[in-house]
Amino acid sequence: MRPLRNRHLAADGPQPLQAAGPASPQVLDRLPRRPLDIRPSFLLQRLAATAVAVLGSISLVFCLVFATGSPATLLAGAQASREDIAALNALYGFDRPIYEQYGSFLLHAMRGEFPHSLRFDIPAFEVLAPAIPLTLLLVSSALVVGAVTGLAVGHLAATASSRLLREGPLALLTVVQSTPVFVTGILAVLLFSLTLGWFPTGGSGSLRHLVLPALTLSLLIAPPVARLFRTSLLQQRDKDHVRTALSKQISRTQVQLRHVAVNALVPVLALLGTQAGSLLGGAVLTETVFGWPGVGTVMVGAVGMKDYPVILAAVVLIAVTVSLCNLLADLLIAVVDPRTTVSR
Amino acid sequence: MSDRPAIFDSGGATPRPTRHSGFSLRGRLGLALILAWAVLALLAPWISPYDPDQSDLAAFMAAPSLADGHLLGTDDLGRDILSRIFHGARPVLVVAGLATLMSVAIGAALGIVAGYGGRLVDQVIARIAEIQLTIPGLVLALLALALFGSRLENLIIILALESWPLHFRVARSYTLNARSQGYMEAAWLAGVPHWRSVLRHVVPGLLPLLVATSTISAAFIVMTEAGLSFIGLGIQPPKADWGLMIAQGKAQLGAAWWLSIMPALALLSLLFGVQLLGDAVSSRLSSLEGGGEA
């Protein structure tokens, strides 16, 4: 009986509707009934925003390529014959008016079609394809480790009884935050690979290869998560429903978990969505440090060889991934906290 | 936290008795670190013990020591690391300084225009800023440098173009707020042209906020510049640059750690200084505004 009521209380948590007086039946009607019920208009709005972001970023890439003056010679390579350029022009229309070029570039990019890689002479996307799962593995493990570390440190910082535990770990993370990823990576290699010999210095193939890159990249996300979770916990702790729960003699741990921590997680979810970009950017550097053969390493290699089709494909791939991550975070928040879909 | 009634708090103390004169100690330390690097970079040709590009044939990968003249050791080509660190501070500081100034100028100008102009202008600029943020800063800079070549001026322009959205957002919201104030209406009614009331009433109040955001930008720009040089897209060898030195020393990490670690420490100290200064500036701002909207 009791836990059920608790959950009910936690679910409507900090109540803006009641705070503004008795809720009108209309407003209540607009609230989603079931937890997984995302309102179609909200879904459409987020999808449209994602489409705009994707189109916009591809357009930005096009603008940059076009600004170099001669996209065709760029993409066909310096040693391209007249026929090569003619073939590329026929396919992408680099000799036609700019709006046609733009349309053609957009259509091709959306389908993941880029000119052939200059180095491997296969479609640019196929050069990247084998690297994608490796980058996803690296980024997702860094995300999990970083989020868990950040949440733990943030929780400590908000609730620990000793001052040392409250401030020590958080201060440590703050110092870590002003350290560039590649410096952290080099320090990690020096300490854990070369001095202690625990992990290989680089490469991939086993779980032991993943540890250092994932830990390095996770330090990018842990500090902001820790600080936000701490603030968010402290805010939630003073809410009315928490006091009510405490006054009902529910144990402190129960209240802390069910009523404070769960609600404090929502802003952290939003933060994780916005951090997708910096995480992928950091992955490029991390992969370079550890020789992890992911998208970043392929892209940096392509830069060295002036393999422009592969660079373009990688940039578009990363931009699309970031937009999708933002969308995913928005939808996740809508599921966890349906009020966000109403207030917009 | 403690639910003490408000009565107990009014013990005669003023609301915020914190540092009103000058900077906190941390802020001064940060400023001192940055200025120290600036001085070292400026005087690099005169204070460097060796020519940064000259190989010492008698000392390849010499370990740091007080005895034989190479204080921080030499690299795999026998070049003195201390001299290279002094010279390497130059590109970092030039790029960070110029790119930060440019990004603040662009962001502030666009922000004031967006705050002043119609809804359409506002929406268009805000969309552009949003789209730019979908491509991670490092990746966009990588693409642009690959397309246009890794020259110093390209590096500065690209990093500036990447950092303006932050200043834009601050300038825009400040302008929107200022526009609705009585003194702006009064100025408008008195027939003062818009550009003059912007200069007299918006810019002065906006400047301190922009100082705070520019330290954030500067930290990002220093990190990205070093990252790009580390990848091999920023400053090109044989020039001395911290990110480049870290990358070049990476292969020798096991045999000669100082090749990478010494420039890394230099980079960290500069970033630390920027962060300390930034923290001090923003905490001073929020204490001046009484914890209001910042």
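**Helix packing across two chains**

Reader: Let's start with helix 16 and helix 17 of chain A. Left-handed or right-handed crossing?
Author: In this predicted model, helix 16 of chain A crosses helix 17 of chain A in a left-handed way.

Reader: At what angle do they pack, and how far apart are the axes?
Author: The angle is about 145°, and the axes are 9 Å apart. Helix 16 covers residues 295-304, and helix 17 covers residues 308-336.

Reader: Which residues make the contact?
Author: From helix 16 of chain A come Val295(A), Val298(A), Met299(A), Ala302(A) and Val303(A). Helix 17 of chain A brings Val310(A), Ile311(A), Ala314(A) and Leu317(A).

Reader: And by class, what are they?
Author: Nine are nonpolar. The contact has no polar and no charged residues.

Reader: Zooming out. How many helices and strands in chain A?
Author: Chain A has 18 helices and zero strands. Of its 344 residues, 39% count as buried.

Reader: What about contacts in chain A that join residues at least 24 apart?
Author: They make up 70% of the contacts between residues at least 6 apart in sequence.

Reader: New topic: Leu285(A). Where is it?
Author: Leu285(A) is in helix 15 of chain A, residues 276-290.

Reader: Why does Leu285(A) count as buried?
Author: Because 28 other C-beta atoms lie within 10 Å of Leu285(A), and the cut-off for buried is 20 or more.

Reader: What does Leu285(A) touch?
Author: Leaving out residues up to four places away in sequence, Leu285(A) touches Val181(A) and Phe182(A), plus Leu138(B), Gly227(B) and Phe230(B). Pro180(A) is 105 residues away along the chain, yet its C-alpha atom is 9.3 Å from that of Leu285(A).

Reader: Over to chain B. Why is helix 9 of chain B said to be largely enclosed?
Author: Eight of its nine residues, 242-250, are buried, so helix 9 of chain B is largely enclosed by the rest of the structure. Among the buried ones are Trp242(B), Leu244(B), Met245(B) and Gln248(B).

Reader: Which helices do those buried residues pack against?
Author: In chain A, helix 11 (181-195). In chain B, helix 3 (81-116), helix 8 (194-231) and helix 10 (258-288).

Reader: Last topic, confidence. What does chain B average in pLDDT?
Author: Chain B averages 84, and 90% of the residues score at least 70. Over residues 1-20 of chain B, the pLDDT is below 50. Beyond near neighbours in sequence, that stretch has six contacts in the model.

Reader: And what are the ipTM and pTM?
Author: The model scores ipTM 0.81 and pTM 0.82.

Conventions
Residues numbered from 1 in each chain as written. Chains lettered and ligands numbered in written order. Predicted model: local features only at pLDDT ≥ 70, side-chain atom pairs only at ≥ 80, totals over all residues. Helix = DSSP H or I, 4+ residues; strand = E, 2+ residues; numbered from the N terminus. Buried ≥ 20, exposed ≤ 12 C-beta atoms within 10 Å, placed from the backbone. Contact = placed C-beta atoms within 7 Å. pLDDT = per-residue confidence, 0-100. Axes fitted to C-alpha atoms, helices over the stretch in contact; angles between N-to-C directions. Left-handed = near helix turned anticlockwise from the far one by under 90°. Nonpolar A, V, L, I, M, F, W, Y, C, P; charged D, E, K, R; others polar.
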